[in-house]
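I opened this notebook page to record what I looked up in one structure. The entries follow the order in which I took up each topic.

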Amino acid sequence: MSSYPPPQTVEAFEANIAEVLRRIDAAAVRAGRSPSDVRLLPVSKTVPQERLRLAVAAGCRELGENKPQEAKRKSAEMADLDVSWSVIGHLQTNKAKDVAAVAAEFQALDSLRVAEALDRRLQALGRGLDVYVQVNTSAEEQKYGLPPAEVPAFLEALPTFTSLRVRGFMTLAEFSSDEARVRECFRVLRGVRDRSLDKWPEFTELSMGMSGDYELAVEEGSTCVRVGQAIFGSRALPDSHYWPAER
């Protein structure tokens, strides 16, 4: 993984964002895609609000958080700013109220229990929520997400939860320097999406790709890349500290 110096000024954030967008655009062009078809979601987990305010001044209007309670806290701290919050990490049902209260988007839906908990909270608030179904495309036991074979039955059950608006699918590729293995994870998710389109033509989105592999993800069809360190700088602790090590 590359080392990214943490930006400390608006100008430094602008430079980082511009470089990520340049790489996204180049990857899209290589794949014969329009760069406008790819959304950049800056991931701000662990970044304090003082630096987040610099990022917002540099143009970030969407921010992704791994932990619902962190999204809730930062949403309150930065309520004076026009920011849309996405929760992209695993959700326990007792935290559904936090997601329902502050998130515009939830990218890690992987169980009917979570769908039911979210729907109940959202119905009480009178609002809806965009969601992505998380798929475990690497078959790693420690990762969350549905096995690809279980996705069709899961999708059949989701219309029961009327406040959830399914937009598409999300995955985390295998953390590997083997490009072929990373690409295969992205291709598996694209296949899951493509097989669902006959019945659910609106489930078009593919959220895949992070700081270490987002260019590959764009080449493989990603419509949303979740980029943290390449924008906000390297974190002090490894990803294993922020992502659950065990299910």
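**Conventions.** I worked with a predicted model, in which local features need pLDDT of at least 70 and side-chain atom pairs count only at pLDDT 80 or more, while totals for chains, interfaces and linings use all residues. I numbered residues from 1 along each chain as its sequence is written, and side-chain values use heavy atoms, with hydrogens and water left out.

**Annotated span.** I looked up the UniProt record; its unreviewed entry gives "domain: Alanine racemase N-terminal" for residues 37-235. Such annotations may be inferred rather than shown by experiment. The span 37-235 is 38% helix and 19% strand, and its end C-alpha atoms lie 29 Å apart. Helices (H or I, at least four residues) and strands (E, at least two) are DSSP runs, numbered from the N terminus.

**Strands E2 and E3.** I found E2 (residues 62-65) and E3 (residues 84-87) running parallel, joined by four bridges; strands pair if DSSP finds at least two bridges between them. Glutamate 62 stands opposite serine 84 in E3. From E2 the chain passes through helix H3 (residues 68-77) to E3 in a right-handed β-α-β crossover, that is, clockwise from the first strand over the helix to the second with the strands pointing away from the viewer.

**Alanine 104.** I placed alanine 104 in the loop between H4 and E4. Its contacts (heavy atoms within 4.5 Å) include Ser84 and Trp85, not counting residues up to four places away in sequence. Alanine 104 counts as partly exposed because its relative accessible area is 32%, where buried means under 20%, exposed over 50% and partly exposed in between (1.4 Å probe, protein chains only).

**Helix H5.** I noted 14 residues in H5 and a reach of 20 Å from first to last C-alpha, close to the 20 Å expected at 1.5 Å a residue; the expected span is 1.5 Å times one less than the number of residues. Val114, Ala115, Ala117, Leu118, Asp119 and Leu122 are the buried residues of H5. Their cover includes helix H4 (96-102), E4, strand E5 (129-134) and strand E6 (164-170). Glycine 126 follows H5 with a positive phi, near 70°.

**Aspartate 110.** Which loop holds aspartate 110? I located aspartate 110 between strand E4 (105-109) and helix H5 (112-125). Aspartate 110 counts as buried because its relative accessibility is 11%. A polar atom of its side chain lies 3.3 Å from the backbone nitrogen of glycine 145. Residues that aspartate 110 touches include His90, Gln134 and Phe154, not counting residues up to four places away in sequence.

Note on methods: Polar contact = N/O pair within 3.5 Å; in protein donor to acceptor, adjacent residues only side chain to side chain.
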